[in-house]
Amino acid sequence: MLIPLLLAAATSAPLKPVSAADVRDIDAALVSCGTRQSLSGWDDPKRGIGCARDKIVAFFEAAAKGDGSARVVVDKFDASSPRTKDQPAPLQNVYLVSEGSDPVLKKTVFLVSGHFDSMGTDVMDPVGDAPGADDDASGSTVSIASARMLSGRPHRATIVFATVAGEEQGLLGGKRLLEWTKAQGYVVGGLLNHDIVGAVNGSQDGRVRVFSGDDPFTPGRELGLWLDEFLGQNAVRVIFRKDRFGRGGDHLPFVEAGDPAVRFTEPREDYRHQHQSPRIEDGVEYGDLPKFMDFEFLAKVAGQNAAALIRLANAPAPPTSVTVEGAVKPDATVTIEAGEDAERSGFEILARETTEPRWKVLRTVDVIGSIVLPGSTIDDWMFAVRSVGKNGERSIAMDAKPVIRRPAASPPAK
């Protein structure tokens with residue numbers, strides 16, 4: 001069964017389709033390595049994390065054949081943590097980099113990530129079986145499937161399809177991905193991290209959860225709201241937390257750096273099938289096995305991710321600065337600053353009441369500078385601005401920062 005995909009506003013052409021069988025095959029290839037524990041070794045082509053790296057490189061190289069701007073990067077690095085016994089461990093991330101076509105926007109990057117390492121009951125065990133079908137072969141599958149779907153599709157900003165190692169050892173691959181991205185001179189337009197997105201586990205709500213930050217005035221929250229609006233509330237369930245309690249993912253280094261980053265996770269998790277070595281105890285089967293996956297759901301998540309990526313990568317950049325003032329005044333004044341972009345048609349000024357989570361379009365303007373909003377007071381409303389392209393695509397919104405200008409003191413009475 002092919003999963004219908006959302007269309008980019010700029011074109012009526014659908015994205016390349018992905019099927020449940022397609023994602024099953026990718027996931028199965030990673031599971032076939034037996035374990036992908038980060039310390040299991042990089043040299044065995046049949047078992048261990050090096051086996052998984054080789055398969056990912058082959059998948060990405062196949063996707064790159066349809067994209068003249070794409071290149072595969074194997075990023076080798078050393079990292080340490082208590083889960084490496086505080087000793088430097090050799091690790092490798094694998095990226096497919098698809099460069100943007102716009103001379104300016106190509107230095108902005110949108111990333112999709114999943115971690116390809118796995119673990120059993122003992123996170124330090126590099127030998128025992130740790131199939132990791134859901135955690136997180138599913139997230140790596142989203143990156144690979146998205147690369148297939150978008151291969152050869154033009155986009156203004158750069159897209160990086162990432163699979164990272166060392167997540168279970170302390171988000172080591174996610175931290176490295178952030179370092180690598182900055183070292184390449186990229187500005188992070190947004191990170192879509194997929195971790196445990198392969199099953200519904202009996203949930204009546206079949207939407208993938210998107211964890212988008214505790215603080216409403218952060219880039220992560222605005223990325224979550226963009227997904228909520230343009231993928232649709234029937235497709236994603238936005239959670240106003242940065243992650244689950246007591247857990248963490250590779251988006252967190254980006255969140256802590258102040259970049260737009262969110263985590264996609266299945267609607268209901270089954271902890272018998274996460275971080276568990278395969279076994280049966282008291283009639284209960286444990287282990288992160290393909291039999292517990294829902295590949296129709298995984299294909300749907302991959303399609304949603306690809307649709308979001310292509311739209312974000314074809315949108316104009318957000319404004320560089322947005323401020324709002326209007327203390328002790330009946331009207332608010334929003335001031336917009338933005339770089340030049342011949343493909344931008346203008347801006348949408350967004351507003352919401354202080355008790356509302358979602359934006360509404362208040363006004364559309366086609367120039368930068370200061371705009372007075374009659375009857376909208378700074379006391380009652382929150383404001384933001386997003387860029388609009390001639391192709392119809394919208395950037396992530398930028399929250400307006402209040403500027404308080406106190407009125408000059410009145411001269412003393414004579």
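Visitor: How many residues of strand 4 are buried?

Guide: This is a predicted model. Strand 4 covers residues 158–164, and buried here means under 20% relative accessible area. Both of its faces are covered, with Thr-158, Val-160, Ala-162 and Val-164 on one side and Ile-159, Phe-161 and Thr-163 on the other. Strand 4 is therefore largely enclosed by the rest of the structure, the count of buried residues being seven of the seven.

Visitor: Does strand 2 run parallel or antiparallel to strand 4?

Guide: Strand 2 spans residues 89–98 and is joined to strand 4 by five bridges.

Visitor: Which handedness does the β-α-β unit with strand 3, helix 3 and strand 4 have?

Guide: Strand 3 (residues 108–115) and strand 4 run parallel and are joined by seven bridges, with Val-109 having Thr-158 as its bridge partner. Helix 3, residues 137–150, belongs to the unit together with these two strands. The β-α-β unit is right-handed.

Visitor: Where helix 1 meets helix 7, what is the angle at which they pack?

Guide: The contact involves Ala-20, Val-23, Arg-24 and Asp-27 of helix 1 and Phe-295, Glu-296, Leu-298 and Ala-299 of helix 7. By class, that is five nonpolar, no polar and three charged residues. The helix axes are 8 Å apart, and the angle is about 95°. Since 65 to 115 degrees counts as roughly perpendicular, helix 1 is, relative to helix 7, roughly perpendicular, at about 95°.

Notes
Residues are numbered from 1 along each chain as its sequence is written. This is a predicted model: local features need pLDDT of at least 70, side-chain atom pairs count only at pLDDT 80 or more; totals for chains, interfaces and linings use all residues. Side-chain values use heavy atoms; hydrogens and water are left out. Axes are lines fitted to C-alpha atoms, for helices over the stretch in contact, and angles run from 0 to 180 degrees between N-to-C directions. Helices (H or I, at least four residues) and strands (E, at least two) are DSSP runs, numbered from the N terminus. Angles under 35 degrees count as roughly parallel, over 145 as roughly antiparallel, 65 to 115 as roughly perpendicular and the rest as oblique. Contact means heavy atoms within 4.5 Å. Ala, Val, Leu, Ile, Met, Phe, Trp, Tyr, Cys and Pro count as nonpolar, Asp, Glu, Lys and Arg as charged, and the others, Gly among them, as polar. Buried means under 20% relative accessible area, exposed over 50%, partly exposed in between (1.4 Å probe, protein chains only). Two strands pair if DSSP finds at least two bridges between them. A crossover is right-handed if, with the strands pointing away from the viewer, the path from the first strand over the helix to the second runs clockwise.
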